[in-house]
Amino acid sequence: MRLAVLQFTHETVTFLPNDTIRDDFIYPGSPASGPGLLATDPKGYIGGFVQVAREQQDVELVGITSPLWPRTGTASGWITADAYAHFVALMLSDLRGQGPFDGVYMAPYGDSPGPLAPGP
């Protein structure tokens, strides 16, 4: 079984005046992919899943390019639509490029700016 693993985490505090921009997620080690992503936060959302999945036979985990917590800390203002669209596009491209997969484990946490395009 081949499983993609990815994350997008952010704690949004709506009354903070600073937006969380694309560059807030880009620093040494972030975004992470491959074994680097699978090794992040061993006691967190990804680490717990990775530990249990690796105890199973015939399971391959593939770390998909994902932003880690923003450098602003665990709480900051809304993620800008630009940052959200940028990282979602990276993740989707990596999923398509490394697939096919039998499943996807995504560890989302926090809030997004909402739909990227108007609905029907």
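This is a predicted model: local features need pLDDT of at least 70, side-chain atom pairs count only at pLDDT 80 or more; totals for chains, interfaces and linings use all residues.
Okay, let's start with a contact: the side chains of Arg2 and Glu60 come together in a salt bridge, 3.2 Å from N to O. By salt bridge I mean a side-chain nitrogen of Lys or Arg within 4 Å of a carboxyl oxygen of Asp or Glu. This pair links distant parts of the chain, with Arg2 in strand β1 (residues 2–9) and Glu60 in strand β2 (residues 60–63), 58 residues apart.

Residues are numbered from 1 along each chain as its sequence is written, and side-chain values use heavy atoms, with hydrogens and water left out.

Back to our pair. The cut-offs are under 20% relative accessible area for buried, over 50% for exposed, and partly exposed in between, with a 1.4 Å probe and protein chains only.

How many salt bridges does the rule give? Two. The other one joins the side chains of Asp82 and Arg22, at 2.7 Å from N to O. Again the partners sit in distant parts of the chain, 60 residues apart: Asp82 is in helix α3 (residues 81–98), and Arg22 is in the loop between β1 and α1 (34–38). Asp82 is partly exposed at 44% relative accessibility, and Arg22 is partly exposed too, at 27%.

Now the rings. The structure holds five aromatic pairs. Rings of Phe, Tyr and Trp (its six-membered ring) pair if their centres lie within 6.5 Å; planes under 30 degrees apart are stacked, over 60 edge-to-face, and the rest tilted. Take Phe8 and Tyr84: their centres are 5.9 Å apart and their planes are at 25°, so this pair is stacked. It links Phe8 in strand β1 with Tyr84 in helix α3, 76 residues apart.

Phe8 and Phe87 are edge-to-face, with 6.1 Å from centre to centre and 80° between the planes. Phe8 lies in strand β1 and Phe87 in helix α3, so this pair ties together parts that are 79 residues apart in sequence. Both Phe8 and Phe87 are buried; for Phe8 the relative accessible area is 8%. Which residues make up the aromatic cluster? Phe8, Phe25, Tyr84 and Phe87 form one cluster together.

Stay with Phe8 a moment, since it turns up in the core as well. A nonpolar core is a set of buried Ala, Val, Leu, Ile, Met, Phe, Trp, Tyr and Cys residues joined through side-chain atoms within 4.5 Å. The largest one has 13 residues, and Phe8, Ile64, Met91, Leu95 and Phe101 touch the most other members. Helix α3 gives the most to this core, with five residues. Apart from it lies another core of eight residues, including Leu3 and Val5.

Thr9 counts as buried because its relative accessibility is 1%. Leaving aside neighbours within four places in sequence, the contacts of Thr9 (heavy atoms within 4.5 Å) include Phe25, Leu68 and Trp69.

Ser30 and Pro31 are joined by a cis peptide bond, with omega at about 0°, and Pro31 is in the loop between β1 and α1. Gly99 and Pro100 share another cis bond, with omega at about 10°; Pro100 is in the loop between α3 and β3 (103–109). Then there's Asp58, with a positive phi of about 60° although it is not a glycine. Asp58 sits in the loop between α2 (45–54) and β2, and is exposed, at 67% relative accessible area.

Let's zoom out to finish. The protein has three helices and three strands, and from the N terminus on they run β-α-α-β-α-β. Of its 120 residues, 38% count as buried. The C-alpha trace spans about 50 × 35 × 25 Å along its principal axes.

Note on methods:
Helices (H or I, at least four residues) and strands (E, at least two) are DSSP runs, numbered from the N terminus.
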